[in-house]
Amino acid sequence: AAYRQAADWAPLSGDADTTPQLECRALRGQGYALVELNRLDEAEAAYAACLKRVAGDPKSLRELDYIRGLRARKAR
């Protein structure tokens, strides 16, 4: 809930240049929590939303790879 609130409040920073970074950070936090809850589809959506704000965000890309790895292990 705190990360959702942070994403909602990011535009209030007053700095249009940092707003996407702040939103992305909040979305990554949501993604991390969702992975821990094993809600992988929702986590993947959060990381994808981050990438829409900050193209090529390396942390989000790594987390998406991690989710793919988790799914591959479950499929075995």
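User: In which helix is the place of C50, and is C50 buried or exposed?

Analyst: Helices are DSSP runs of H or I with at least four residues, and strands are DSSP runs of E with at least two, numbered from the N terminus. Burial follows relative accessible area, computed with a 1.4 Å probe on protein chains only: under 20% is buried, over 50% is exposed, and in between is partly exposed. C50 lies in helix α3, residues 40–53, and C50 counts as buried because its relative accessibility is 0%. This is a predicted model, in which local features need pLDDT of at least 70, side-chain atom pairs count only at pLDDT 80 or more, and totals for chains, interfaces and linings use all residues. Residues are numbered from 1 along each chain as its sequence is written, and side-chain values use heavy atoms, with hydrogens and water left out.

User: With which residues is C50 in contact, leaving aside its neighbours within four places in sequence?

Analyst: Contact means heavy atoms within 4.5 Å. With those neighbours left aside, C50 touches C24, L27, R28, D57 and S60.

User: How is a nonpolar core read, and which residues form the largest one?

Analyst: In soluble globular proteins, nonpolar side chains tend to be buried together. A nonpolar core is a set of buried Ala, Val, Leu, Ile, Met, Phe, Trp, Tyr and Cys residues joined through side-chain atoms within 4.5 Å. Here the largest such core has nine residues: L34, V35, L40, A43, Y47, L51, L64, I67 and L70. Helices α2 (19–36), α3 and α4 (58–75) each contribute at least two residues to this core, and α3 gives the largest share, with four residues. A second, separate core has five residues, among them C24, A49, C50 and V54.

User: Which residues of α4 are buried, and where do they lie around the axis?

Analyst: The arc is taken from the directions that run from the helix axis to the C-beta atoms. In α4 the buried residues are S60, L64, I67 and L70. They cover an arc of only 115 degrees, and therefore lie on the same side of α4. These buried residues pack against α2 and α3.

User: How is a pocket found, and what volume has the largest pocket?

Analyst: Rolling a probe the size of a water molecule over the atoms shows where empty space is left. On a 1 Å grid over the protein atoms alone, a pocket is an open set of points with protein on both sides within 12 Å along at least five of seven lines, for a 1.4 Å probe; lining residues have an atom within 4 Å of a point. Grid points are joined across faces, edges and corners, and the volume is the space filled by probe spheres set on the points. The largest pocket has a volume of about 180 Å³, and its lining includes Y3, R4, Q30 and A46. The largest share of that lining, three residues, comes from α2.

User: Where is the place of Q30, and what are its contacts?

Analyst: Q30 is in helix α2 and is buried, with a relative accessible area of 16%. Apart from neighbours within four places in sequence, Q30 contacts Y3, R4, A7 and A46.
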